[in-house]
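Open the model in a viewer and keep the selection panel at hand.

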Amino acid sequence: SFSFSLSSMERELRCPVCEEMLKQPVVLPCLHSVCVLCAAEVLVQRGYPPPELPPEPNTPTSSPSTRSPRQARRPLPKTDRLDRVRRDSPALVMLFPCPTCRRDVELGERGLTDCLRNLTLERIVERYRNTISLGSMAVMCQFCKAPQSLEATKGCADCRANFCNECFKLYHPWGTPRAQHEHIQPTHSFRPKVLVCVEHDQERLQFYCRTCQRLLCSLCKLRRLHSGHKVMPIAHAYQTLKDKITKEMNYILANQEKVQAQITQVESAIAQTEVNSAVAKEQLYQCVSELRGVLAERQAGLAKALEGARSRRAHALNSQLSEKQSLLEDAGLVAYTQELLKETDQPCFVQAARATHNRLGKAIENLHHFSLSADPSLRHFSVDVSRELKILGSMDFIRAPVAPVIDTQKTLAYDQLYLCWRLPQDSAPAWHYSVEFQRKVGGAGPLWGGVRSEGPGGTNSPWQRLDEVGGTSAVIDRLEMDSVYVLRVRGCNKAGFGEYSEEVYLHTPPAPVLPFCLDSRWGLHAERMALGKGQTYARSVPGLTLLHAADRALTSCHLTSDLLVADVSVTQGRHYWACSVEPGSYVVKVGVGLEAKLQEWFHLPQDMASPRYDPDSGHDSGTEDAQDCPPPFCFLTMGMGKILLPKSGASSSTPLTAPLPPRLGVCLDFEKGRVGFYDAHSLRVLWEGPVDCSAPVCPAFCFIGGGALQLQELILVFFYSCLTDL
């Protein structure tokens, strides 16, 4: 157990560059430690000028006879590397490649000079060396004359040397300044007694800046650089950090069973990795063997077809060769014909010569029109394996899908959450997806975060998951209102799960969604107002009424308006709905009103002057007539790509305008008699006002001139419409 702990601790005391025991370690800005000589070596190899290193103490450990092998083989920084740096160039910002965190660490213009020595780590290394050596490495007096050198009994921190008793008295006589030197135990490695500031010589580091996480001297503390920073005395920082480390250490020691369980789990994973590697290797050999078998079988089939073609063509060419050879002077047909011509019996000659005449005619015709009876090239028996070679060359282990990309334009939160994503083109295909979501608890999260790398403050509820989602979209229900949800997705195939997508943050509406359609019972003019299928879309087109009213436009204000209301009314509770107004609309008013009052007002003649449409007002609420009681209706005016916000006070002469949001949300609190207007994309409040809720209230929409409006569909309706589009 003791030897195991020592060997385990030795890993913490090795330099990550040379992998030997640390010597004169310096602390990098990333808080990792390396030997100062190793750090200088790495910087010179990167082309930086050689740094000014502190001189090594003249101790037995640095003598040529006892110096470690790595010091003996370390080349000194070459001065010719200075030629690479122009003398007139600005100060370099050195980057050191930390081997522990595997990233470049900025050292600053002064390089290693700004890095403090890790004296604590040096002391630990020395104690460790003394423990494992058990006194076998004696420290000899450096001032005794050879060959009678005695073992050192004291070390002087000021002289940085080791002495025996007699030599110490000789070099530190009473009554001299040397008698005040600090004597320590003999050591092979002397170090400064205290840390001093690298910028202000001999100034002790007495403060700690929590903002910069740096040690400061009293002069550094006064610099403007640390103005407003949280600076504390070093004693306070020491005690605070020591208490935290003690608490953390006690926690680890109290949870040794959990540590051991995790070690067992990791060891099991290592063993399982070896087993799975062997299985995967066997499967690889099996797959390649099957490929070889298929190739061999296909090779045999193609070779058989080639041999059949060769045999048929060889037979045809051999027959043609025999026929041509029979036409030679001393062979075959010619010899037979010569003998036939010797026949004198005329009937017998005619009888026997007809067949010979036919053969000779064909032979003469073949002489004039000669061609081979078979093509010897066999060009069409060539095999093109370029496509197969390309496929075999790209043969690789199956890859898990890469991180999906969430479509933030289609992803939204309404009565439910709708999440839409896609896989990048270079990704392996996914068999199915896993969608995970959690609700943020505490902390003010972003209303619509889009895509963010890390979440807002506060704690989170446990992750919930939808497994084996077949498509590239999902609907999540049973949500809490006015809450921020974090969503992510990852794909899965035979290789397992891939990486998670970047997290997306959605804010649910502040109240339950009120589903409704547009009702055209009141004030609808068919020649200029049209409703879409499902009565969730309305378009208004200016008609002849507006043209007829233009004749009186110089004397009074004439407006043609059309009112659309919801087919439901609200009598209690809180409700939310959203709609989109076409940016090119002239004037569209969105809001709520008492059902009875809306019917009364909008059944008046449509082409008349109306004092309720004040062109300077951003909303119509009837407050001009009744200051003490809530108005019977409340509208927000928008048009021509802008939204007109109500006046903020009596001193305001001009109403404020803002860009028209892609979707406008409306939230009605019936009990409080309040209606709020939101940017439905971010759920940012645009304006909130009172409304009379003493009787049923219904959503209302008013068109003045041309315009169009689309109610936000419920998520399931939107989901199925997206599937239909695909």
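Select Cys209 and Cys212: the sulfur of Cys209 has its closest cysteine sulfur in Cys212, 3.7 Å away, too far for a bond. A disulfide here is a pair of cysteine sulfur atoms within 2.5 Å. Cys209 is buried, with a relative accessible area of 0% (buried is under 20%, exposed over 50%, partly exposed in between, with a 1.4 Å probe and protein chains only).

The model is predicted: local features need pLDDT of at least 70 and side-chain atom pairs pLDDT 80 or more, while totals for chains, interfaces and linings use all residues. Numbering starts from 1 along each chain as its sequence is written, and side-chain values use heavy atoms, leaving out hydrogens and water.

The structure holds zero disulfides. Cys35 is in none, its nearest cysteine sulfur being that of Cys15 at 3.8 Å. Cys35 is buried, at 1% relative accessible area.

Next, select Thr337 in helix α9, residues 332-341 (helices are DSSP runs of H or I, at least four residues, numbered from the N terminus). Thr337 is buried, at 12%. Beyond neighbours within four places in sequence, Thr337 is in contact (heavy atoms within 4.5 Å) with Thr356 and Leu360.

Finally, show the surface and select Leu291, Leu302, Val383, Val385, Leu389, Leu392 and Met395, which make a nonpolar patch of about 600 Å². Patch residues have over 30% relative accessible area and no salt bridge, with nonpolar side chains joined within 5 Å; a salt bridge is a Lys or Arg side-chain nitrogen within 4 Å of an Asp or Glu carboxyl oxygen. Helices α8 (256-325) and α11 (386-393) each supply at least two of the patch residues. Leu389 lies in α11 and is exposed, at 54%.

Notes: Patch = residues over 30% accessible without salt bridge, like charges linked within 9 Å, V, L, I, M, F, W, Y side chains within 5 Å. Areas by Shrake-Rupley, 256 points an atom, 1.4 Å probe, with all protein chains shown as cover.
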